[in-house]
Amino acid sequence: MTTREAIILKGDHLIRDKGYNAFSFYDISKSLKIKNASIHYHFATKADLGVEVVNQHIFLVEQLIKSVEGRVPEVKLKAFLSIYDSTKQEERVCLVGSLATDWKTVEPYMKKQLALLANKILTWLTQILADGKREGVFMFRETARIKALMIITNMLGALQVSRLTGSKDFFAIREAVIKQLKEK
């Protein structure tokens, strides 16, 4: 792993563990045992690092979408939910959820990338749900977009609340989301 990649990974972990406004380049340099100048060599500002962290997540979501292209809606839904499963396994919160709390304090160009990531996730889940409803495998009354927003907020909330109440609550919420979609 290059120094740049290590900085991005550490920035990602700090954002999802502590929050964007709760860490500095010093925290990264201390953890990686490098000088602040090394971080500034790769990222002039914290927002530049933040954008790159968001871009990494955009890339991962795009790879996940490609990996289930042409599959049935149930498989795509499980792939979508795997984003939250892996986040829970890491004992972190979702990048979108973490950065949404700092929305008013991040630079406009970082907001733009975060909105791009959030919309990519929302668009993908909306399409999964619309396809599943059209094929008769998912049942819901709301529009696909509203149902997607409801699922995303449930999963974001499940990651947060289960930090306090335990992992079994996260998985119970996840299963309830799937069950509700299949109820007739």
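Mentor: Note first that this is a predicted model. Let us begin with Ile28, which touches Ile7, Lys10, Gly11, Leu14, Phe23, Ile39 and Leu49, when residues up to four places away in sequence are not counted.

Trainee: Where is the place of Ile28?
Mentor: Ile28 belongs to helix 2.

Trainee: Is Ile28 buried or exposed?
Mentor: Ile28 counts as buried, because its relative accessibility is 0% and the limit for buried is under 20%.

Trainee: How far apart in space are Ile28 and Ile8?
Mentor: The C-alpha to C-alpha separation of Ile28 and Ile8 is 9.5 Å, and the two are 20 residues apart in sequence.

Trainee: Turning to the core, how many residues does the largest nonpolar core have?
Mentor: The largest nonpolar core has 53 residues. Those with the most contacts inside this core are Leu49, Leu77, Phe80, Tyr84, Leu125 and Leu129.

Trainee: Which helix gives the most to this core?
Mentor: Helix 7 does, with 9 residues. Several helices supply at least two residues each, including helix 1 (3-17), helix 2 (25-32), helix 6 (95-100) and helix 9 (167-182).

Trainee: What is Leu77 in contact with?
Mentor: Leaving aside neighbours within four places in sequence, Leu77 is in contact with Leu125, Ile128, Phe138, Ile178 and Leu181.

Trainee: At what angle do helix 5 and helix 7 pack?
Mentor: Helix 5, residues 73-89, packs against helix 7 at about 150 degrees, and their axes are 9 Å apart. That angle makes helix 5 roughly antiparallel to helix 7, since the limit for this class is over 145 degrees.

Trainee: Is the crossing of helix 5 and helix 7 left-handed or right-handed?
Mentor: The crossing is left-handed. On the helix 5 side, the residues that meet helix 7 are Pro73, Lys76, Leu77, Ala79, Phe80, Ile83 and Tyr84. Their counterparts in helix 7 are Ile121, Trp124, Leu125, Ile128, Asp131 and Gly132. By class, this contact has 10 nonpolar, 1 polar and 2 charged residues.

Trainee: And how far apart are the axes of helix 7 and helix 8?
Mentor: The axes of helix 7 (residues 108-134) and helix 8 (residues 144-165) are 8 Å apart, and the packing angle is about 120 degrees. The two helices are therefore oblique to each other, and their crossing is right-handed.

Trainee: Changing topic, what is the phi of Lys33?
Mentor: Phi of Lys33 is near 60 degrees, a positive value in a residue other than glycine. Lys33 sits in the loop between helix 2 and helix 3 and is exposed, with a relative accessible area of 75%.

Trainee: Where is Glu91 found?
Mentor: Glu91 is in the loop between helix 5 and helix 6. Glu91 has a positive phi of about 55 degrees although it is not a glycine, and with a relative accessible area of 64% it is exposed.

Key:
Residues are numbered from 1 along each chain as its sequence is written. This is a predicted model: local features need pLDDT of at least 70, side-chain atom pairs count only at pLDDT 80 or more; totals for chains, interfaces and linings use all residues. Side-chain values use heavy atoms; hydrogens and water are left out. Axes are lines fitted to C-alpha atoms, for helices over the stretch in contact, and angles run from 0 to 180 degrees between N-to-C directions. Helices (H or I, at least four residues) and strands (E, at least two) are DSSP runs, numbered from the N terminus. Angles under 35 degrees count as roughly parallel, over 145 as roughly antiparallel, 65 to 115 as roughly perpendicular and the rest as oblique. A crossing is left-handed if the near helix is turned anticlockwise from the far one by less than a right angle, and right-handed if clockwise. Contact means heavy atoms within 4.5 Å. Ala, Val, Leu, Ile, Met, Phe, Trp, Tyr, Cys and Pro count as nonpolar, Asp, Glu, Lys and Arg as charged, and the others, Gly among them, as polar. A nonpolar core is a set of buried Ala, Val, Leu, Ile, Met, Phe, Trp, Tyr and Cys residues joined through side-chain atoms within 4.5 Å. Buried means under 20% relative accessible area, exposed over 50%, partly exposed in between (1.4 Å probe, protein chains only).
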